[in-house]
Amino acid sequence: MTKPNLTGETDKTAEEMRDLLLGQMRLGETTVVFTKMNGEERTLRGTLNMNDIPVDQHPNSGDGVEKQTKEKGDFLAVFDLDIKEWRSFKPSRVTQIKLT
């Protein structure tokens, strides 16, 4: 499967894609298009920047996003800015990344 072309590179490993997404989403709003497990395409406008996430939606633990994302294993948990809830997806299933 060809990885998204964000920087001109298309051969990112799953770990590199996860790290790239973590970095971008920590900076602010990032839109990703991915294929759900049932085969449907989904667009998610999300973030991991705590300044963009309502306080009542912040992770409860002291280590915040780090704990939330590590506990998900192959999945990346992000805050969906449209539905105002946490959602997760597999970085390996991302087909497009749009920086906003």
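1. The lining of the largest pocket divides into five nonpolar, three polar and five charged residues. Here Ala, Val, Leu, Ile, Met, Phe, Trp, Tyr, Cys and Pro count as nonpolar, Asp, Glu, Lys and Arg as charged, and the others, Gly among them, as polar. A pocket is an open set of points on a 1 Å grid over the protein atoms alone, where a 1.4 Å probe fits, with protein on both sides within 12 Å along at least five of seven lines; lining residues have an atom within 4 Å of a point.

2. This is a predicted model, in which local features need pLDDT of at least 70 and side-chain atom pairs count only at pLDDT 80 or more, while totals for chains, interfaces and linings use all residues. Residues are numbered from 1 along each chain as its sequence is written, and side-chain values use heavy atoms, with hydrogens and water left out.

3. The largest pocket holds about 150 Å³ of space, a volume being the space filled by probe spheres set on the points, which are joined across faces, edges and corners. Of its 13 lining residues, F34, K36, M37, S88 and F89 lie nearest the centre. Two or more lining residues come from each of β1, β2 (41-47) and β4. The largest share, three residues, belongs to β4. Strands are DSSP runs of E with at least two residues, numbered from the N terminus.

4. Two of the residues nearest the pocket centre, F34 and F89, also form a stacked aromatic pair, 5.0 Å centre to centre with 20° between the planes. Rings of Phe, Tyr and Trp (its six-membered ring) pair if their centres lie within 6.5 Å; planes under 30 degrees apart count as stacked, over 60 as edge-to-face and the rest as tilted. The pair links distant parts of the chain, with F34 in β1 (residues 30-35) and F89 in β4 (residues 85-89), 55 residues apart. Both F34 and F89 are buried, that is, under 20% relative accessible area, with exposed over 50% and partly exposed in between (1.4 Å probe, protein chains only).

5. The structure holds two aromatic pairs. Besides F34 and F89, there is the pair of F79 and W86, whose ring centres are 5.7 Å apart and whose planes stand at 75°, so this one is edge-to-face. F79 and W86 are both buried.

6. Five strands form an open sheet in the order β4-β3-β2-β1-β5, with antiparallel pairing. Strands pair if DSSP finds at least two bridges between them. β4 and β5 (94-99) are at the edges, each with a single partner strand, so one side of each has no neighbour in the sheet. From one strand to the next the twist averages 40°; axes are lines fitted to C-alpha atoms, and angles run from 0 to 180 degrees between N-to-C directions.

7. Within the sheet, six bridges join the antiparallel strands β1 and β2. F34 has R42 as its bridge partner in β2, and V32 has L44. The hairpin of these strands has five residues between them, where G39 takes a positive phi near 95°. β2 and β3 pair over two bridges, with G46 opposite D80 in β3.

8. Most residues other than glycine have a negative phi. K84, not a glycine, has a positive phi of about 60°. K84 lies in the loop between β3 (76-80) and β4 and is partly exposed, with a relative accessible area of 45%.

Conventions:
Helix = DSSP H or I, 4+ residues; strand = E, 2+ residues; numbered from the N terminus.
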